[in-house]
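Colleague: Could you walk me through the chain-to-chain contacts in this one? I'd like the cut-offs along with the answers.

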There are 4 protein chains.
Amino acid sequence: MSDEPARRPHTGRRRNDAAREAILDAAFRLLTDPAVTVTIDAIAAEAGVGKQTIYRWWPSKGAVVADALARYATIVVPERAAGPFREDLTAFLIDSFRGLENEDYAAMLRQIVAAAQTDEHVAETFGAFTAARRAALRAILERGRDQGELAPDADLDMLTDMAYGVLYYRLLTRHAPLDDDAARSLAAALTERNGS
Amino acid sequence: MSDEPARRPHTGRRRNDAAREAILDAAFRLLTDPAVTVTIDAIAAEAGVGKQTIYRWWPSKGAVVADALARYATIVVPERAAGPFREDLTAFLIDSFRGLENEDYAAMLRQIVAAAQTDEHVAETFGAFTAARRAALRAILERGRDQGELAPDADLDMLTDMAYGVLYYRLLTRHAPLDDDAARSLAAALTERNGS
Amino acid sequence: MSDEPARRPHTGRRRNDAAREAILDAAFRLLTDPAVTVTIDAIAAEAGVGKQTIYRWWPSKGAVVADALARYATIVVPERAAGPFREDLTAFLIDSFRGLENEDYAAMLRQIVAAAQTDEHVAETFGAFTAARRAALRAILERGRDQGELAPDADLDMLTDMAYGVLYYRLLTRHAPLDDDAARSLAAALTERNGS
Amino acid sequence: MSDEPARRPHTGRRRNDAAREAILDAAFRLLTDPAVTVTIDAIAAEAGVGKQTIYRWWPSKGAVVADALARYATIVVPERAAGPFREDLTAFLIDSFRGLENEDYAAMLRQIVAAAQTDEHVAETFGAFTAARRAALRAILERGRDQGELAPDADLDMLTDMAYGVLYYRLLTRHAPLDDDAARSLAAALTERNGS
DNA sequence: AAGTAAACGAGACGGTACGTCCTGTCTTCTT
DNA sequence: AAGAAGACAGGACGTACCGTCTCGTTTACTT
């Protein structure tokens, strides 16, 4: 390890964290209002911040928006105490789906997915976000397998992707609801015998 | 009011179908290149066409893009002769995944999904496209249920969405491959006992 | 001469001359108001025009401003019927100085001179403007020489620059007025014996 | 050149005069390079100084620039021993013009004139500078008048402005050279009979 | 054959947002 | 306390696209 970089720990004014918060809050607020086009100028004005302060810390509009989402997402994630496997799984899926019943949040997540296809910074944030969620679900599934509720050789990654796949597929195509019944049906399909 | 306007069948130059083709081809070509921003000006230039010729026939950029997709999508749908259920299902999924091994097509589909979140014309075309694909898969699953290979009360819509969910989720997040092994593992998870 | 370029004289919509006028008028109006910072956005808004329409025809803000001046300058140039040399010269100088008694115009000319030092497009417009004015004055001086009122070997270019030099020097330094008396004194110094 | 700034120590409490020098030198160096936009950040970086150190001692960018000029200008003023009037005048003009044969100095003076139109600090410094130069020339002209080489009622202020007018007019318009011949022709036009 | 109407390639237009640059101020740590 | 570093609010710049609006030309049907 190099000991040289630490020589000059920092010079100059330090990043204003209040500005960071204000920007993310403003972005989130605007994202939420469907009547408003989310503009960097609008975010800057809403946050009472200069545009350059945004571009100093985020490489593009999409990156700001992605961060604003990620921040909100962290809040919504509910922590589950470990209970019986099937109940935990069902509860997890119900919670996940319910987050999207808020149309604001659903709209925002759609925009993030869209932006991630174009903007690599958004893609990165979105990738980290989904990886974390997959890990949470996978932990539950692992517990299920360890408790003998899932086959020992079950492809847990595939089961995870099937669950989140349904969520994103319905989020993006809107062809079917993401309600409690859907969550329960999904939980059942994942855990029970489908075939003979 | 007159209901007769249709009396005069047509005057003036007729729509140039070569231009239509050129526009759709150009749009497709640009959609395929991830380094290029798909612009109406770019499409017009690539097609050797005036911008107005595009806007005369399509209401928005998204609509052109959607049409370009719809045209290509029709081509790739593979028709399956009915064989044993599990084989048919596996073959269908393998075919579907293989279409996305062509990075051009995958890139385009990603852009379409993204555009559908913003543009209602694209959303409509995309919706029709996915509905058709779901119907094809559902037909196979129904055959499976009728043959007793799936539980009589299985939620076939959910199973369909689980399959396409995996496809789109992996397409959009790129966190895991969409190869033949994945298709087989997915087919197995859909048909075999996962739980106890 | 080639006869091919003329084959396609022009395609596409033609430049809207009303917009050109509106832009130049707006620029002039803003230039005139000392309370307003002359901005491209401001000019565009004032002219009811898109910014791109300005940048399509002028390479920079300075160029627009320079054109706005040149346009006004053309208007102010008074045409002089030829009379007796000394009267013509005095009248020309008086007219030239009087144009600058309008503080708006003086301020604008100062800004043009300043901009010309930085912006090559302004420099070009300004150069053409001053060359035309010099030519007008030189024509008067030539008449004076031909009438025997100036020495046959007088350096008319130098005399021209001495006259305009006074005008610009006082315009830029503001240390002495550019009034009728100054014009008369200048005319006298140019035509009469200074030395023994 | 660039290894010196590091030598300069902090002085703590009192104003560090080395910093002042470094700033003025840096400003001058940048002013001299027409390819570089003279920015406060650029001056600070070139001088190895914090921006605040500049703003602590000068009220605006223009003020720094003006000081940088004033400093250099003092250096170039040539002192003339009194000789015969016409020789002194010619020598004075030749010296003045020769100073501008150095393109660096000419470029800087152009920028100063330009800046003076915008920035009141520069205008003040520039005004003091030109007043001093005028006084020097006027002293020569007064001697000429006292020696009977100029008419007793000659408008010496006007003659002064005619001389400096030519200098600035040619400096700013670049339409004719400021060489020794020009200086001699100017001296002649100021002192000899132009008219009949 | 002449007239008329629509579609065409080209490209200018009014707008909106972008991301960069610069100014003058403010903040933090160092000397 | 002054200095170097550098973040901050504000605001102008010039570019990129969108969807609309002319131009003059070409193509087809109608008279």
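Predicted model: local features only at pLDDT ≥ 70, side-chain atom pairs only at ≥ 80, totals over all residues.

Modeller: Residues are numbered from 1 along each chain as its sequence is written, chains are lettered from A and ligands numbered from 1 in the order in which they are written, and side-chain values use heavy atoms, with hydrogens and water left out.

Colleague: How many residues of chain D are in contact with chain C?

Modeller: Contact here means heavy atoms within 4.5 Å. On the chain C side 40 residues take part, and the number from chain D is 40.

Colleague: And what area is buried between chain D and chain C?

Modeller: Buried area is the accessible area (1.4 Å probe) that two parts lose on being put together, summed over both. Carbon and sulfur atoms give 58% of it here, and the total is about 3,300 Å².

Colleague: Which residue of chain C forms a salt bridge with Asp161(D)?

Modeller: The rule wants a side-chain nitrogen of Lys or Arg within 4 Å of a carboxyl oxygen of Asp or Glu. Between chain D and chain C that gives 2 salt bridges. In one of them the closest N and O atoms are 2.5 Å apart, and the partner of Asp161(D) is Arg170(C).

Colleague: Which helix gives the most to the side of chain D that touches chain C?

Modeller: Helices are DSSP runs (H or I, at least four residues), numbered from the N terminus. Those of chain D that each supply at least two residues to this side are H6 (103–116), H7 (120–146), H8 (156–173) and H9 (180–191). With 13 residues, the top contributor is H8(D).

Colleague: Over to the other pair: what is the N to O distance between Asp161(A) and Arg170(B)?

Modeller: Chain A and chain B also bury about 3,300 Å², 58% of it on carbon and sulfur atoms. Their interface has 2 salt bridges. For the one joining the side chains of Asp161(A) and Arg170(B), the distance is 2.6 Å.

Colleague: How many residue pairs are in polar contact between chain A and chain B?

Modeller: A polar contact is a pair of N or O atoms within 3.5 Å; within protein, one must be able to donate a hydrogen and the other to accept it, and residues adjacent in sequence count only if both atoms are side-chain atoms. For chain A and chain B, with both residues at pLDDT 80 or more, the count is 11.
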